[in-house]
Amino acid sequence: TVREGAPIALRMFIFEQMQRYFEPKGARTLVCKVLRVPPNENNWSDEPVWNEVQTWVYECQWLKVYDIIETMYRELQNPVSSVVFWHKGPPRVEDFESDIHSVFEEYGIGWKLAAGYIETRGSESFQAAVAAASSTLAAAGQVTASNEIHEAIQDLSRRPTPDLTGAVQHAMAALECVARQASGDPKATL
């Protein structure tokens with residue numbers, strides 16, 4: 001039910017995850033990078049820095065919240081020692097991804113985190129059809145068609161506005177690749 005927005009519950013969760021994995025100044029560096037804002041140089045101690053980060057996360061444009069999630073994922077996957085710290089050993093990026101999915105599902109958010117990128121999430125039947133198509137095409141050696149399906153999903157995942165025309169074009173290109181192989185004519189078009 002939520003595609004163009006970032007509910008306060010999601011923003012709260014993201015801020016809590018920052019506090020879990022990042023030093024205050026590291027979190028601020030991450031958020032400043034994503035939002036392209038300078039840090040408040042008058043904030044040096046932890047509490048004011050956390051307040052600054054929280055304000056930015058709570059008040060930024062909805063689409064920037066998803067950019068922050070992607071950046072957090074990449075940072076947790078390949079940490080820079082000045083940004084990340086560990087409470088009980090290094091974090092498992094899979095746990096972060098799973099936690100994000102749980103929050104998205106709980107609040108009806110139509111996105112998913114896949115390999116570090118926020119992508120559109122449809123109904124269960126849509127998700128199953130896309131997964132089946134991708135795996136079937138890959139198993140059949142239809143690399144180009146499989147890539148076209150992936151590009152169609154990327155177009156549907158554009159923020160703030162999905163590229164529906166591009167998604168249809170890529171889906172049709174995937175179909176055309178399969179039709180060429182099925183017909184035995186490498187130059188056939190739909």
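The protein has 8 helices and 2 strands. Helices (H or I, at least four residues) and strands (E, at least two) are DSSP runs, numbered from the N terminus. Along the sequence they follow the pattern α-α-α-α-α-β-β-α-α-α. This is a predicted model, in which local features need pLDDT of at least 70 and side-chain atom pairs count only at pLDDT 80 or more, while totals for chains, interfaces and linings use all residues. Residues are numbered from 1 along each chain as its sequence is written, and side-chain values use heavy atoms, with hydrogens and water left out.

Start with the overall dimensions. The C-alpha trace spans about 70 × 30 × 30 Å along its principal axes. Of the 190 residues, 39% are buried. Buried means under 20% relative accessible area, exposed means over 50%, and partly exposed lies in between (1.4 Å probe, protein chains only). Contact means heavy atoms within 4.5 Å. Among contacts between residues at least 6 apart in sequence, 61% join residues at least 24 apart.

V2 gives an example of a link across the sequence. V2 sits in the segment before α1 (8–21). Leaving out residues up to four places away in sequence, V2 touches P7, Y107, G108, I109, G110 and W111. W111 belongs to strand β1 (residues 111–114), which comes up again below.

Next, the helix pairs. Two packed helices are described by the angle between their axes and the distance between the axes. Axes are lines fitted to C-alpha atoms, for helices over the stretch in contact, and angles run from 0 to 180 degrees between N-to-C directions.

Take helix α2 (residues 24–35) and helix α3 (residues 46–59). Their axes come within 9 Å and cross at roughly 30 degrees. That angle makes α2 roughly parallel to α3. Angles under 35 degrees count as roughly parallel, over 145 as roughly antiparallel, 65 to 115 as roughly perpendicular and the rest as oblique. The crossing of α2 and α3 is left-handed. In a left-handed crossing the near helix is turned anticlockwise from the far one by less than a right angle; clockwise would be right-handed.

Which residues of α2 and α3 meet? From α2 come P24, K25, A27, R28, V31, C32 and L35; from α3 come D46, V49, W50, E52, V53, W56 and V57. The residues of this contact divide into 10 nonpolar, no polar and 4 charged. Here Ala, Val, Leu, Ile, Met, Phe, Trp, Tyr, Cys and Pro count as nonpolar, Asp, Glu, Lys and Arg as charged, and the others, Gly among them, as polar.

R36 lies in the loop between α2 and α3. R36 has a positive phi of about 55 degrees, although it is not a glycine. With 73% relative accessibility, R36 counts as exposed.

Now the strands. Strands β1 and β2 (residues 117–120) run antiparallel and are joined by 4 bridges. Two strands pair if DSSP finds at least two bridges between them. W111 has T120 of β2 as its bridge partner, and A114 stands opposite Y117 in β2. On β1, W111 and L113 form the covered face, while K112 and A114 form the uncovered one.

The two strands form a hairpin with 2 residues between them. A115 is in this loop between β1 and β2. A115 is not a glycine, yet its phi is positive, at about 55 degrees. Its relative accessible area is 60%, so A115 is exposed.

Move on to helix α7 (residues 143–156) and helix α8 (residues 164–183). They pack at an angle of about 170 degrees, with axes 8 Å apart. The angle makes α7 roughly antiparallel to α8. In α7, the contact uses T144, A145, E148, I149, E151, A152, D155 and L156. In α8, it uses L164, G166, A167, H170, A171, A173, A174, C177 and V178. These residues divide into 11 nonpolar, 3 polar and 3 charged.

Finish with A188, in the segment after α8. Which residues does A188 contact, leaving aside neighbours within four places in sequence? They are E176, R180 and S183. The C-alpha atoms of A188 and E176 are separated by 7.9 Å, with the residues 12 apart along the chain. A188 has a relative accessible area of 21%, so it is partly exposed.
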